[in-house]
Amino acid sequence: MKQFAPAKINLYLHILGRRPDGFHELETLMAPISLGDTLEIELIKSGLEFTCSDSALADAKENLATKAAHAFLHEFHLGSGVRIHLEKQVPVGAGLGGGSSDAAAVLLALRELTGISCSNGRLAQLAAQLGSDVPFFIHRTPALCRGRGEIIEPVTLKEKLQGLLVHPGFGVSTPWAYKTYAQNPRPGEPGRAFADFTLRNDLEPPAFSKYPWLPTVKTWFQQQPEVLDALMSGSGSSVFALTNADAATEGLRTRFLAEFGETLFARAILIG
Ligand code: C5P
(Lines give C-alpha, C1' and ligand atoms only; values in the text may rest on other atoms or scores of the structure.)
Protein backbone atom coordinates (compact mmCIF):
# COMPACT_ATOMS: atom_id res chain seq x y z
CA MET A 1 0.00 0.00 0.00
CA LYS A 2 1.25 3.46 -0.95
CA GLN A 3 0.92 6.20 1.69
CA PHE A 4 1.63 9.92 1.40
CA ALA A 5 3.10 11.38 4.59
CA PRO A 6 2.66 15.18 4.59
CA ALA A 7 5.09 17.44 6.43
CA LYS A 8 3.84 20.23 8.75
CA ILE A 9 4.69 23.79 9.62
CA ASN A 10 4.04 25.59 12.91
CA LEU A 11 2.14 28.83 12.30
CA TYR A 12 2.73 29.67 15.94
CA LEU A 13 4.55 27.89 18.72
CA HIS A 14 4.21 29.23 22.26
CA ILE A 15 6.16 27.60 25.08
CA LEU A 16 4.14 27.87 28.28
CA GLY A 17 6.68 26.37 30.69
CA ARG A 18 8.79 23.39 31.64
CA ARG A 19 7.07 20.20 32.83
CA PRO A 20 8.19 17.81 35.57
CA ASP A 21 8.82 15.13 32.88
CA GLY A 22 11.45 17.39 31.22
CA PHE A 23 9.25 18.25 28.21
CA HIS A 24 7.85 21.73 27.61
CA GLU A 25 4.18 22.62 27.80
CA LEU A 26 3.15 23.99 24.39
CA GLU A 27 0.39 25.70 22.54
CA THR A 28 1.10 25.43 18.83
CA LEU A 29 -0.93 25.75 15.65
CA MET A 30 0.27 23.17 13.15
CA ALA A 31 -0.85 22.70 9.56
CA PRO A 32 -0.05 19.91 7.11
CA ILE A 33 1.58 21.03 3.86
CA SER A 34 1.65 19.75 0.29
CA LEU A 35 5.29 18.56 0.62
CA GLY A 36 5.65 15.02 1.99
CA ASP A 37 7.37 11.64 1.88
CA THR A 38 5.88 8.55 0.26
CA LEU A 39 5.94 5.10 1.80
CA GLU A 40 5.26 1.66 0.40
CA ILE A 41 3.99 -0.58 3.21
CA GLU A 42 3.07 -4.27 3.03
CA LEU A 43 2.41 -7.14 5.42
CA ILE A 44 4.87 -10.03 5.20
CA LYS A 45 5.13 -13.35 7.07
CA SER A 46 7.56 -12.17 9.74
CA GLY A 47 10.23 -9.63 10.62
CA LEU A 48 10.63 -5.91 9.85
CA GLU A 49 12.24 -5.03 6.50
CA PHE A 50 13.14 -1.41 5.80
CA THR A 51 14.70 0.40 2.83
CA CYS A 52 15.03 4.13 2.25
CA SER A 53 15.94 6.38 -0.70
CA ASP A 54 18.24 8.31 1.70
CA SER A 55 21.10 6.02 2.74
CA ALA A 56 21.73 8.13 5.87
CA LEU A 57 18.34 6.96 7.19
CA ALA A 58 18.65 3.31 6.21
CA ASP A 59 19.28 1.97 9.73
CA ALA A 60 16.00 0.14 10.38
CA LYS A 61 16.45 0.08 14.17
CA GLU A 62 16.81 3.86 14.36
CA ASN A 63 13.97 4.78 12.02
CA LEU A 64 10.68 5.98 13.52
CA ALA A 65 8.76 4.25 10.69
CA THR A 66 9.95 0.79 11.78
CA LYS A 67 9.46 1.72 15.44
CA ALA A 68 5.84 2.54 14.54
CA ALA A 69 5.41 -0.82 12.79
CA HIS A 70 6.84 -2.62 15.82
CA ALA A 71 4.56 -0.67 18.19
CA PHE A 72 1.46 -1.52 16.09
CA LEU A 73 2.27 -5.27 15.86
CA HIS A 74 2.98 -5.38 19.60
CA GLU A 75 -0.16 -3.40 20.59
CA PHE A 76 -2.48 -5.69 18.66
CA HIS A 77 -0.56 -8.96 19.33
CA LEU A 78 0.03 -9.63 15.63
CA GLY A 79 2.40 -12.37 14.52
CA SER A 80 3.04 -11.06 11.01
CA GLY A 81 5.85 -8.83 9.78
CA VAL A 82 6.04 -5.57 7.81
CA ARG A 83 8.06 -4.38 4.81
CA ILE A 84 8.51 -0.61 4.42
CA HIS A 85 10.13 1.41 1.65
CA LEU A 86 10.49 5.13 2.35
CA GLU A 87 10.99 7.72 -0.42
CA LYS A 88 12.31 10.75 1.45
CA GLN A 89 11.38 14.22 0.17
CA VAL A 90 11.17 16.11 3.47
CA PRO A 91 14.51 17.42 4.81
CA VAL A 92 15.66 15.84 8.08
CA GLY A 93 16.11 17.92 11.27
CA ALA A 94 14.10 20.67 9.63
CA GLY A 95 11.23 21.26 12.09
CA LEU A 96 8.81 19.83 9.51
CA GLY A 97 7.88 16.62 11.37
CA GLY A 98 9.03 14.39 8.50
CA GLY A 99 9.99 11.40 10.66
CA SER A 100 6.86 11.80 12.80
CA SER A 101 4.65 11.85 9.71
CA ASP A 102 6.33 8.71 8.34
CA ALA A 103 5.57 6.95 11.64
CA ALA A 104 1.91 8.05 11.56
CA ALA A 105 1.62 6.91 7.92
CA VAL A 106 2.81 3.44 8.95
CA LEU A 107 0.20 3.27 11.74
CA LEU A 108 -2.59 4.40 9.37
CA ALA A 109 -1.54 1.90 6.68
CA LEU A 110 -1.28 -1.00 9.13
CA ARG A 111 -4.76 -0.27 10.51
CA GLU A 112 -6.10 -0.56 6.97
CA LEU A 113 -3.99 -3.55 5.89
CA THR A 114 -4.82 -5.63 8.98
CA GLY A 115 -8.48 -4.56 9.11
CA ILE A 116 -8.16 -3.94 12.86
CA SER A 117 -10.87 -1.62 14.12
CA CYS A 118 -9.19 1.13 16.08
CA SER A 119 -10.37 4.74 16.41
CA ASN A 120 -8.17 7.67 15.43
CA GLY A 121 -8.09 8.54 19.15
CA ARG A 122 -6.62 5.16 20.11
CA LEU A 123 -4.18 5.24 17.21
CA ALA A 124 -3.12 8.74 18.32
CA GLN A 125 -2.43 7.37 21.84
CA LEU A 126 -0.12 4.77 20.36
CA ALA A 127 1.39 7.52 18.18
CA ALA A 128 2.14 9.68 21.26
CA GLN A 129 4.50 6.97 22.56
CA LEU A 130 6.62 7.44 19.42
CA GLY A 131 7.01 11.24 19.61
CA SER A 132 5.20 14.46 20.53
CA ASP A 133 4.28 15.34 16.91
CA VAL A 134 3.13 11.89 15.75
CA PRO A 135 -0.56 12.16 16.94
CA PHE A 136 -1.02 15.33 14.84
CA PHE A 137 -0.24 13.31 11.71
CA ILE A 138 -2.95 10.74 12.54
CA HIS A 139 -5.54 13.53 12.16
CA ARG A 140 -3.79 15.33 9.26
CA THR A 141 -5.79 18.56 9.53
CA PRO A 142 -4.73 21.99 10.80
CA ALA A 143 -4.87 21.68 14.59
CA LEU A 144 -4.17 23.46 17.84
CA CYS A 145 -1.80 21.17 19.71
CA ARG A 146 -1.29 21.37 23.47
CA GLY A 147 0.45 19.43 26.22
CA ARG A 148 3.81 18.35 24.80
CA GLY A 149 2.09 18.55 21.40
CA GLU A 150 -0.01 15.39 21.65
CA ILE A 151 -3.37 16.94 22.69
CA ILE A 152 -5.00 17.74 19.35
CA GLU A 153 -7.89 20.08 18.60
CA PRO A 154 -8.60 20.19 14.83
CA VAL A 155 -9.37 23.69 13.51
CA THR A 156 -10.47 25.12 10.17
CA LEU A 157 -8.25 27.89 8.85
CA LYS A 158 -10.30 30.80 7.46
CA GLU A 159 -7.62 31.88 4.98
CA LYS A 160 -6.15 29.84 2.17
CA LEU A 161 -2.40 30.01 2.74
CA GLN A 162 0.54 29.24 0.50
CA GLY A 163 4.19 30.09 0.37
CA LEU A 164 7.82 29.11 -0.08
CA LEU A 165 9.61 26.66 2.22
CA VAL A 166 13.41 26.71 2.36
CA HIS A 167 16.05 24.67 4.14
CA PRO A 168 19.74 25.54 4.60
CA GLY A 169 21.15 22.01 4.30
CA PHE A 170 21.95 21.74 8.02
CA GLY A 171 19.57 20.64 10.79
CA VAL A 172 18.83 21.96 14.29
CA SER A 173 18.61 19.40 17.11
CA THR A 174 15.19 19.62 18.79
CA PRO A 175 16.43 18.66 22.31
CA TRP A 176 19.21 21.28 21.95
CA ALA A 177 16.69 24.00 20.94
CA TYR A 178 14.41 23.31 23.93
CA LYS A 179 17.35 23.05 26.34
CA THR A 180 18.78 26.37 25.13
CA TYR A 181 15.35 28.00 25.39
CA ALA A 182 15.07 26.74 29.01
CA GLN A 183 18.40 28.39 29.92
CA ASN A 184 17.09 31.78 28.75
CA PRO A 185 13.32 31.69 28.18
CA ARG A 186 12.16 34.57 25.99
CA PRO A 187 9.27 34.63 23.52
CA GLY A 188 9.76 34.79 19.78
CA GLU A 189 8.94 38.10 18.12
CA PRO A 190 5.26 38.24 17.09
CA GLY A 191 4.78 38.70 13.35
CA ARG A 192 1.81 39.47 11.14
CA ALA A 193 -1.72 38.83 12.44
CA PHE A 194 -3.82 36.61 10.15
CA ALA A 195 -7.52 35.78 10.61
CA ASP A 196 -6.84 32.80 12.87
CA PHE A 197 -3.40 33.43 14.37
CA THR A 198 -0.42 35.72 14.77
CA LEU A 199 2.87 34.25 13.55
CA ARG A 200 5.32 33.55 16.41
CA ASN A 201 7.82 30.86 17.28
CA ASP A 202 9.44 30.80 20.74
CA LEU A 203 12.21 28.50 19.44
CA GLU A 204 13.47 31.23 17.09
CA PRO A 205 15.61 33.05 19.70
CA PRO A 206 17.80 30.01 20.58
CA ALA A 207 18.06 28.84 16.95
CA PHE A 208 18.74 32.37 15.61
CA SER A 209 21.53 32.96 18.15
CA LYS A 210 23.47 29.87 17.00
CA TYR A 211 22.68 29.93 13.26
CA PRO A 212 22.81 33.45 11.71
CA TRP A 213 21.66 32.08 8.31
CA LEU A 214 18.16 31.71 9.79
CA PRO A 215 17.44 35.36 10.78
CA THR A 216 19.22 36.55 7.63
CA VAL A 217 16.83 34.54 5.44
CA LYS A 218 13.77 35.50 7.49
CA THR A 219 14.62 39.22 7.24
CA TRP A 220 15.33 38.92 3.50
CA PHE A 221 11.91 37.27 2.99
CA GLN A 222 10.20 40.06 4.95
CA GLN A 223 11.70 42.60 2.54
CA GLN A 224 10.29 40.92 -0.60
CA PRO A 225 7.14 42.53 -2.09
CA GLU A 226 5.09 39.31 -2.45
CA VAL A 227 5.81 38.10 1.10
CA LEU A 228 3.22 38.66 3.84
CA ASP A 229 5.61 37.47 6.55
CA ALA A 230 8.09 34.67 7.34
CA LEU A 231 8.80 32.32 10.26
CA MET A 232 11.02 29.42 11.26
CA SER A 233 9.09 26.13 11.56
CA GLY A 234 9.27 24.07 14.78
CA SER A 235 12.80 23.88 16.17
CA GLY A 236 14.23 24.74 12.71
CA SER A 237 16.08 24.74 10.47
CA SER A 238 13.48 25.34 7.78
CA VAL A 239 11.99 28.80 7.24
CA PHE A 240 8.76 29.52 5.40
CA ALA A 241 7.49 32.69 3.73
CA LEU A 242 3.73 33.18 3.30
CA THR A 243 2.95 34.81 -0.04
CA ASN A 244 -0.05 36.79 -1.23
CA ALA A 245 -0.75 34.52 -4.23
CA ASP A 246 0.22 31.12 -5.57
CA ALA A 247 1.59 32.68 -8.75
CA ALA A 248 3.95 34.94 -6.77
CA THR A 249 5.80 32.04 -5.13
CA GLU A 250 7.74 30.90 -8.21
CA GLY A 251 9.31 34.35 -8.75
CA LEU A 252 10.25 34.47 -5.06
CA ARG A 253 11.82 31.00 -5.34
CA THR A 254 13.98 32.05 -8.30
CA ARG A 255 15.19 35.17 -6.48
CA PHE A 256 15.84 33.23 -3.24
CA LEU A 257 18.05 30.70 -5.07
CA ALA A 258 19.96 33.45 -6.88
CA GLU A 259 20.58 35.25 -3.57
CA PHE A 260 21.41 32.32 -1.25
CA GLY A 261 22.66 29.54 -3.55
CA GLU A 262 21.24 27.51 -6.42
CA THR A 263 21.66 24.14 -4.66
CA LEU A 264 19.51 24.98 -1.64
CA PHE A 265 16.18 23.31 -0.95
CA ALA A 266 13.29 25.67 -1.87
CA ARG A 267 9.74 24.44 -2.56
CA ALA A 268 6.41 26.12 -3.19
CA ILE A 269 3.88 24.78 -0.65
CA LEU A 270 0.15 24.81 -0.08
CA ILE A 271 -0.76 25.00 3.61
CA GLY A 272 -3.62 23.15 5.37
O1 C5P B 1 8.78 14.06 21.41
P2 C5P B 1 10.00 14.25 20.57
O3 C5P B 1 10.84 12.99 20.48
O4 C5P B 1 9.73 14.85 19.24
O5 C5P B 1 10.88 15.31 21.34
C6 C5P B 1 12.26 15.50 21.11
C7 C5P B 1 12.85 16.31 22.25
O8 C5P B 1 12.40 17.66 22.18
C9 C5P B 1 12.48 15.84 23.63
O10 C5P B 1 13.34 14.84 24.08
C11 C5P B 1 12.61 17.12 24.45
O12 C5P B 1 13.96 17.35 24.75
C13 C5P B 1 12.18 18.19 23.47
N14 C5P B 1 10.74 18.55 23.61
C15 C5P B 1 10.34 19.33 24.69
N16 C5P B 1 9.01 19.66 24.80
C17 C5P B 1 8.12 19.28 23.87
C18 C5P B 1 8.52 18.51 22.76
C19 C5P B 1 9.85 18.17 22.65
O20 C5P B 1 11.15 19.69 25.55
N21 C5P B 1 6.85 19.64 24.02
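This is a predicted model: local features need pLDDT of at least 70, side-chain atom pairs count only at pLDDT 80 or more; totals for chains, interfaces and linings use all residues.
A polar contact here is a pair of N or O atoms within 3.5 Å; within protein, one must be able to donate a hydrogen and the other to accept it, and residues adjacent in sequence count only if both atoms are side-chain atoms. Residues are numbered from 1 along each chain as its sequence is written, and side-chain values use heavy atoms, with hydrogens and water left out.

Let's start with who surrounds the ligand. The shell takes in G22, F23, H24, L26, G131, S132, R148, T174, P175 and Y178, where being near means having a heavy atom within 4 Å. Helix 5 is the biggest giver, with three residues.

Now for the polar side of things. An oxygen atom of the ligand lies 2.5 Å from an N or O atom in the side chain of S132, and an oxygen atom of the ligand is 2.8 Å from one in the side chain of H24. A ligand nitrogen, meanwhile, is 3.0 Å from a polar backbone atom of R148.

One shell residue leads us further. T174 has a side-chain polar contact of 2.9 Å with S235. You'll find S235 in the loop between strand 9 (227-232) and strand 10 (239-243); helices (H or I, at least four residues) and strands (E, at least two) are DSSP runs, numbered from the N terminus. S235 counts as buried because its relative accessibility is 4%, the limit being under 20% relative accessible area (1.4 Å probe, protein chains only).

Definitions and conventions:
Buried means under 20% relative accessible area, exposed over 50%, partly exposed in between (1.4 Å probe, protein chains only).
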